[in-house]
Structures are given as C-alpha cells and as structure tokens.
Amino acid sequence: MLDDSNKPFFKWFVGGKTNIVYNCLDRHAETSRRNKLALMWEGEKGEFRSFSYFALRRETCRFANVLRSLGVQKGDRVTLYMGRIPELVIGMLACARIGAIHSVVYGGFTVEALHERLEDSHSKVLIVADGAYQRGKIVPLKSIADEALQRAASVESVLVVKRTGEPVNMESGRDMWYHELMVLPIAGNACHIEQMDAEDPLFILYTSGTTGKPKAILHTHGGFMVGTYTTLKYVFDIHDEDRYWCAADPGWITGHSYIVYGPLLNGATSFMYEGAPTYPYPNRWWQMVEKYGINILYTAPTAIRGLMRYGENWPNRHDLSSLRLLGSVGEPINPEAWKWYHRVIGKGRCPIMDTWWQTETGMFMITPMPCVALKPGSGTRPFPGVVMDILNEEGKPVAANEEGFLVIKEPWPAMIRTIYKDPERYVQQYWTKYPGVYMTGDSARRDEDGYYWVIGRVDDVLKVSGYRLGTAEIESALVSHPAVAEAAAIGLPHDVKGNAIHTYVILKTGIEKSDKLVDELRAHVAHEMGPIAKPDSIVFVESLPKTRSGKIMRRVLKARALGQEPKDLSTLEE
C-alpha cells in the first residue's frame with residue numbers, strides 16, 4: 001500500500017487504477033442513489049438549484065466533453081475562478097474526469113494573485129464567472145481575469161459562466177460562454193472516464209507560506225480519495241438520509257475535501273450557499289438550516305464568533321432541531337465560542353467535531369468522532385491510523401501539558417506529494433527540522449488524557465520574558481470577556497521582554513470603546529492567564545485581516561505595526 005523507497009516523496013496504492021470521479025458520481029448514478037440529491041444550492045438572492053447524482057454526472061460529462069473539444073488532455077492544468085456556484089463543482093469534477101489537474105483560485109483574489117497562479121501552473125484553460133454576489137454587491141470576476149490574462153501567456157481558452165448577467169468583455173477567439181458550449185452536439189451526455197494511476201495528480205491548490213510566494217500543494221487521485229472518504233464517513237457519521245452543509249468555500253482545502261469530494265464519495269446530500277452568513281440579516285444561516293433540514297453543519301470559529309456578536313435572538317427565531325452534529329475547522333476554536341456554538345446552535349445535544357488539519361494533509365488529522373468525550377477547545381486525539389507527536393527543540397517528546405512542535409511521524413494516504421514544480425522547497429519546508437518527521441508548523445500541547453490542544457502557528461507563539469505564550473491563548477482570554485467578539489494578538493520587539501504583546505479587539509454590538517474598558521480587558525487577561533500575558537496595548541478595530549479560510553493574518557497586523565510592507569496578500573479576504 002505504501003511505497004517509502006524515495007522518502008519523503010511517499011506514494012500510496014502504487015499501480016492501483018482509479019478515477020476519483022467514478023467513485024464520486026458513476027458508482028452512485030448506476031445504483032438506487034441515481035435520483036438522490038447530490039448537491040443543493042441557494043444563491044445569495046434566494047435562488048435554488050439542485051442536482052441528483054444522475055444529473056450531476058450528466059452535467060459533469062457534458063462539460064468534460066467541452067474541455068476535451070478544446071484540447072484539454074490528461075495532465076493539463078485548468079484554473080477555475082468563481083464564486084460559490086454549482087458550476088465550480090461541475091468544473092472541478094469535469095477536469096478530474098478527463099485527467100486534467102484543476103487549480104481553484106478563490107473568487108475574490110486580486111489580479112496579481114490570479115496571474116501568479118495562472119503563470120505558475122501554466123494553465124491551458126481558465127473557467128471564470130462573469131461576476132459573483134457578495135453581500136449584495138457584485139465582484140467583477142471577468143474584468144479581474146481579463147487584467148490577469150494580459151500577462152498569462154499559457155491560457156488558450158477562457159470559458160465564462162453567466163452568473164450576474166452584467167455586461168463583460170468577450171475577446172474573440174479566446175472567450176466563450178459556458179451555457180452556449182453546453183448545448184452544442186460536442187457536449188454529449190456520455191463521456192469516457194480517464195483511467196488514472198493512484199499517484200496521478202488530481203489538483204494543485206495554493207496556500208500561503210510564511211515567506212516567499214504561495215506554495216502549490218499537489219494531491220493525487222488515490223490517496224486523497226481514501227483519506228477524504230474515510231474521515232468524513234467516520235467523523236461526521238454520514239447517513240444516507242443526512243443533509244450535510246460544509247459552509248466553507250471550494251477555493252480552499254476544506255471545500256475541496258469536504259464540500260466536493262468527501263460528500264460525493266460517501267453518496268451524501270451536500271448543501272452549498274453562495275453568500276455571507278449575515279446577509280441580509282444575521283439569521284441567514286439559521287433560516288437555511290431550518291428551511292432545508294440540515295443535519296450536520298461544519299464551519300470556522302471565525303464565523304461562529306462573528307455570529308455570536310449578534311446575540312442569541314437571531315438563531316432562537318428558528319427551529320434548529322434537525323441538527324445532530326456540528327463541526328469546527330480553520331483554526332483552534334476558543335472555549336467561549338465552542339460553548340456558545342454547543343449551547344445556542346446545538347441546544348446542548350450536538351457534539352462538536354473540532355478538526356485540525358491542513359491544505360497539506362488533505363484530510364482530518366486530529367479530530368474526535370461522535371463517540372469521543374469532548375473538551376471545549378481541544379480536537380481530542382489523532383484520527384485512527386494517524387501517528388502524531390509533540391516534540392521539543394531537540395526532537396524529544398514533551399511531557400504532559402508542555403508546549404512543543406506538532407509533528408506527524410508516519411505517512412498518511414491523503415498527504416501532500418510535493419510542492420508543484422518545487423520539490424526542494426517541499427523537502428526544506430516540511431522534512432528538515434526533524435529528519436523523517438513531517439513538521440506541521442504548529443505548536444501544541446497534550447494533556448494528561450492524551451488530548452491535543454493546538455495553540456497556533458509556530459510563528460504565532462510569542463516569547464515574553466522567556467515564557468512561551470500562544471497568540472490563540474491570549475485571544476481566547478480576551479474573547480472570554482463579555483464585551484469582546486473577536487481578538488488578535490501579535491508580538492512586537494521589546495528591549496527587555498523580547499516581545500511585547502499588542503492586541504486588536506472587535507467589540508460586541510452596542511459596546512462603547514473607552515480607556516476604562518482597555519484597563520478592564522488588560523486586567524481580565526492577566527486574571528485569566530497570569531500577569532505575564534497582560535497586553536501592552538489594546539486597539540479597538542472594526543475588522544481583522546483574515547484569509548479566505550477564516551484564519552487571522554497576524555503577520556499583516558505585525559507588518560503594519562512595524563511600518564513594513566506585508567508580503568504575499570493573495571489569501572487576504574478583503
């Protein structure tokens with residue numbers, strides 16, 4: 001099963017022949033599941049569309065035939081740049097069906113970010129929407145793409161999905177309408193599926209590094225399929241009658257693994273929503289949970305904290321009794337948000353599957369299952385078969401409740417295979433600190449019960465007067481104050497302490513800023529964590545810089561505070 005003859009370039013299921021799309025669509029469409037809903041979608045303006053497994057396979061086949069007619073072959077790269085619409089899912093599946101490698105770029109990235117990804121991947125085709133709806137406004141995706149394409153020489157064809165109907169520039173000989181191509185005779189309902197080796201590339205997905213340009217993480221058909229199917233099945237206890245909603249975006253790994261591939265592999269009914277959680281009102285999510293009878297909701301702590309700001313009345317207007325499991329992803333969830341999510345949304349009866357994993361891991365790595373006893377703020381233990389540890393600087397396991405570097409000690413099926421076109425960076429980034437051991441870049445501690453508590457990125461761990469303090473712990477202390485909705489902490493150089501703690505705070509609606517409140521919050525953190533953690537400064541802000549996956553970009557705050565230019569901003573939400 002595992003070929004470790006060329007460490008750390010591990011291979012899984014070598015010689016196995018498959019195609020992930022066969023297991024996502026064909027095997028269901030040829031059984032009694034053919035008429036079961038595979039995908040339900042609501043647009044920001046309230047439109048509804050749905051696809052059975054039979055219909056989703058038909059649309060995927062038609063679009064795969066269109067791509068083949070444009071000369072797309074096995075191994076070619078195709079970039080997708082859209083909002084959260086069904087055509088994004090269809091496009092990803094169509095690429096994989098014919099053996100092309102998809103590269104999804106979030107619909108909201110800058111011109112430079114899109115251009116950089118098109119150039120790095122040498123994409124042959126770009127699939128773009130005319131625009132995307134976000135909080136009632138239109139994001140002009142096609143015009144952003146046009147600017148990026150002026151410098152992207154490899155792109156031969158641009159396929160444009162009509163979403164908003166706003167007028168767009170269509171360059172003759174290059175740009176074609178998706179809806180026009182999909183009704184041509186070339187787009188037949190049947191499409192031969194490309195047989196792939198288990199180790200053939202499925203997709204590349206760009207993730208920011210702490211330094212330098214974004215890394216193109218490469219995943220394969222076989223291992224990614226096994227990892228996402230197994231973890232979703234056992235962590236979220238998927239049943240045939242469930243309606244499952246992962247409220248992420250297909251433009252980042254949670255969307256790839258647990259909106260598109262994982263649910264389809266399991267034959268699940270997956271729900272997707274186009275817009276923002278609070279548009280037009282803060283009950284939009286709860287309204288849809290009630291309307292569609294959602295059983296499982298999987299989202300990010302940043303969304304939970306954002307919704308907490310509006311209080312309990314909004315969710316309490318709705319019948320949330322269909323929910324039986326909740327999930328958390330993207331960053332460590334602070335206990336205060338966990339308790340609110342459990343009590344207000346889950347009504348005290350829905351276990352929270354708090355998952356830790358990465359773009360690079362492809363699948364859940366530390367996670368409970370519904371049968372596991374939970375502790376607010378801990379992802380509990382590694383998923384069965386995953387071997388992890390917490391090491392000190394010398395590479396020795398730390399004692400209980402000591403912080404250290406979170407590592408993965410054995411290969412796993414859905415693991416990153418390499419950084420596309422940069423194998424040296426892959427080895428350097430993940431495998432050099434402790435030879436033969438995968439370095440996650442996160443710090444963590446393990447309690448006396450063996451439960452893991454992920455603290456945050458190693459570069460988000462501050463040393464203050466010789467003490468190691470996690471930014472996430474300081475932020476949790478701030479958020480546990482009744483006035484605070486969200487917080488970010490950074491360390492700035494200090495002559496005496498090494499680092500001084502600077503924090504940024506978003507207050508709950510209706511709370512007034514004041515010097516008195518600053519003093520109260522500083523005292524509160526000192527009370528929660530000890531005087532060493534008392535922030536040197538607290539700045540009240542309206543928003544925080546975040547990635548699309550909801551992680552606070554502390555390096556952006558740090559660069560601004562130091563008067564420096566932040567490096568790569570391609571994953572910045574706004």
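**Buried strand residues and aromatic pairs**

Leucine 462 is part of strand β26, which covers residues 461-464. The structure described here is a predicted model. With a relative accessible area of 5%, leucine 462 is buried, because buried residues are those under 20%. In sequence, leucine 462 and alanine 500 are separated by 38 residues, and their C-alpha atoms lie 8.7 Å apart in space.

Threonine 503 belongs to strand β29, made up of residues 498-507. The relative accessible area of threonine 503 is 0%, so this residue is buried as well. When neighbours within four places in sequence are left aside, the residues in contact with threonine 503 are Ile474, Leu478, Ala488, Ala489, Pro535, Ser537, Ile538 and Val539.

Aromatic rings were examined next. A pair of such rings is described by the distance of the centres and the angle of the planes. In total, 26 aromatic pairs were counted. One of them joins tyrosine 258 and tryptophan 357, whose ring centres are 5.1 Å apart; their planes meet at 80°, so the pair is classed as edge-to-face. Tyrosine 258 is located in helix α8 (residues 253-265), whereas tryptophan 357 is located in the loop between β20 (352-354) and β21 (388-391), so the pair ties together parts that are 99 residues apart in sequence. Both tyrosine 258 and tryptophan 357 are buried.

Tryptophan 357 also pairs with phenylalanine 364. For these two rings the centres are 5.8 Å apart and the planes are at 80°, so this pair too is edge-to-face. Phenylalanine 364 is buried, as is tryptophan 357. Tryptophan 357 thus takes part in a pair with tyrosine 258 and in a pair with phenylalanine 364.

Elsewhere in the model, one aromatic cluster is formed by Phe9, Phe10, Trp412, Tyr426, Tyr430, Trp431 and Tyr438.

Charged side chains were also found over aromatic rings. Arginine 49 is placed over the face of tryptophan 41, at 5.8 Å from the ring centre. Lysine 233 is placed over the face of tyrosine 234, at 5.8 Å from the centre of that ring.

Note on methods. Residues are numbered from 1 along each chain as its sequence is written. This is a predicted model: local features need pLDDT of at least 70, side-chain atom pairs count only at pLDDT 80 or more; totals for chains, interfaces and linings use all residues. Side-chain values use heavy atoms; hydrogens and water are left out. Helices (H or I, at least four residues) and strands (E, at least two) are DSSP runs, numbered from the N terminus. Buried means under 20% relative accessible area, exposed over 50%, partly exposed in between (1.4 Å probe, protein chains only). Contact means heavy atoms within 4.5 Å. Rings of Phe, Tyr and Trp (its six-membered ring) pair if their centres lie within 6.5 Å; planes under 30 degrees apart count as stacked, over 60 as edge-to-face and the rest as tilted. A charge sits over a ring if NZ of Lys or CZ of Arg is within 6 Å of the ring centre and within 35 degrees of the ring normal.
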